[in-house]
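Have the model open as you read.

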Amino acid sequence: MSRRSGLGIENRRPIEPGEGEQHIGVLLRGVWHRFLDELFERLTAEGFDDLRPAHSPVFQHIERGGTRIGVLAERAQMTNQSMGYLVDALERRGYVRRQPDPADRRAALVVITDRGRDQIAAARRLIADIEREWSDRIGEERMASLRQALEALGASMAAATVGAKKDPS
């Protein structure tokens, strides 16, 4: 008797790559990548031609007043070394700078520069344009429903994560 006996899978053929429906993660990632491509194409047209989608995690996770590299890395689910590499690149391009952390002089905060603020303002405007275009494609009601569903799912997942951290059993 095989180890698979009794599981109802003895006669199933192996699943091949590319078969079946795409799962929600693949769908979300595909749309995310198309969103980034569109955004960075538009940012390039606005003079921010030295940025790439790989730089996004820094801008997504930095706080007003600055954020430590370790915190940025944790939020972006990256290693400190990888985040440091991104920060170095953005610092050379003038989007961020490092300054001593007033809470711990041994640590540094990554802070946004004026060029970084200009990029963020342009990105926010361009993102609003992209969202309006998406609404035109699928309809305002469906776009609002998509946003509400993603917000609800994100909140639910965040609450579950917090609950799991509180209850280690």
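Helix α3 passes α4 in a right-handed crossing, meaning the near helix is turned clockwise from the far one by less than a right angle. This is a predicted model, where local features need pLDDT of at least 70, side-chain atom pairs count only at pLDDT 80 or more, and totals for chains, interfaces and linings use all residues. Residues are numbered from 1 along each chain as its sequence is written, and side-chain values use heavy atoms, with hydrogens and water left out.

The axes of α3 (residues 69-76) and α4 (residues 80-92) come within 8 Å and cross at roughly 110°. That makes the two helices roughly perpendicular (65 to 115 degrees). On the α3 side, Ile69, Gly70, Leu72, Ala73 and Ala76 meet Asn80, Met83, Gly84 and Val87 of α4, with contact meaning heavy atoms within 4.5 Å. Sorted by class, that contact has six nonpolar, three polar and no charged residues.

Now for the salt bridges (a side-chain nitrogen of Lys or Arg within 4 Å of a carboxyl oxygen of Asp or Glu). The count comes to 14, including these:

| Pair | Closest N to O |
|---|---|
| Arg125 and Glu46 | 2.5 Å |
| Arg117 and Asp114 | 3.2 Å |

Asp129 and Arg132 are three residues apart in α5, about one helical turn. Elsewhere, salt bridges with shared partners join Arg68, Asp101, Asp104 and Arg106 into one network.

Terms used
Axes fitted to C-alpha atoms, helices over the stretch in contact; angles between N-to-C directions. Helix = DSSP H or I, 4+ residues; strand = E, 2+ residues; numbered from the N terminus. Parallel < 35°, antiparallel > 145°, perpendicular 65-115°, else oblique. Nonpolar A, V, L, I, M, F, W, Y, C, P; charged D, E, K, R; others polar.
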